[in-house]
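Here is a walk through some aromatic rings and a pocket. Have the structure open while you read.

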Amino acid sequence: MWGYMSDSALRRFKYTKHALFRMSKRGVSRDSVEDVVLLSEERYVDEVRDVLIAVRRDKPLIVAYREVDDEFLIITVYAPSNVDKVVKRKARLGRWRPWSK
């Protein structure tokens, strides 16, 4: 179901209203979101919500998204103060499992 194409930089980004609202509230730019999705080396599959998760640790940001045809659909974005705690908790609960390109 999930795949990563070498031409992913050519894919379009679409944002849900929820994602745009959260980005606005959290002061997160589209460029930041797109960089995380395209460049993150830390990714997970959310088994409950059936979405991909891209994680950036240096400037904490977590992006939940789906790959739909030739688009990245951004579902939500959050910037937790402790990324490690969030990732460990989701993995421990069996909710997130590692995913590789």
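## Rings and a pocket

Let's start with a charge on a ring: R30 lies over the face of Y15, with 4.5 Å to the ring centre. Keep in mind that this is a predicted model.

How many aromatic pairs does a search of the whole structure find? The count comes to three. One of them is F13 with F72, a tilted pair whose centres are 5.0 Å apart and whose planes make an angle of 35 degrees. F13 belongs to strand β1 (residues 12-15) and F72 to strand β5 (residues 71-78), so this pair ties together parts that are 59 residues apart in sequence.

The cut-off here is under 20%, so both values qualify as buried. Y65 joins the picture as well: ring pairs link F13, Y65 and F72 into a cluster.

On to the open space. The largest pocket has a volume of about 160 Å³. Its lining is made up of H18, D46, R49, V51, I53, A64, I75, T76, Y78, K90, R95 and W96. Which elements give two or more residues to that lining? They are β3 (51-56) and β5. β5 supplies the largest share, three residues.

Sorted by class, the lining of the largest pocket holds six nonpolar, two polar and four charged residues.

Where does D46 sit? D46 is in strand β2 (residues 42-46), and D46 is buried, with a relative accessible area of 4%. The side chain of D46 makes polar contacts with the side chains of R95 and W96, and both of these partners also line the largest pocket. Here are the two contacts side by side:

| Side chain | Partner side chain | Polar contact distance |
|---|---|---|
| D46 | R95 | 3.3 Å |
| D46 | W96 | 3.3 Å |

To put the pieces together: the ring cluster takes in F13, Y65 and F72, while D46, R95 and W96 are among the residues that line the largest pocket.

How values were computed: Residues numbered from 1 in each chain as written. Predicted model: local features only at pLDDT ≥ 70, side-chain atom pairs only at ≥ 80, totals over all residues. Heavy atoms only, no water. Phe/Tyr/Trp six-rings, centres within 6.5 Å; stacked < 30°, edge-to-face > 60°. Helix = DSSP H or I, 4+ residues; strand = E, 2+ residues; numbered from the N terminus. Lys NZ or Arg CZ within 6 Å of the ring centre and 35° of its normal. 1 Å grid on protein atoms, 1.4 Å probe; cavity = no way out; pocket = protein on both sides within 12 Å on 5 of 7 lines; lining within 4 Å. Points joined across faces, edges and corners; volume = space filled by probe spheres on them. Nonpolar A, V, L, I, M, F, W, Y, C, P; charged D, E, K, R; others polar. Buried < 20%, exposed > 50% of the residue type's maximum accessible area, 1.4 Å probe, protein only. Polar contact = N/O pair within 3.5 Å; in protein donor to acceptor, adjacent residues only side chain to side chain.
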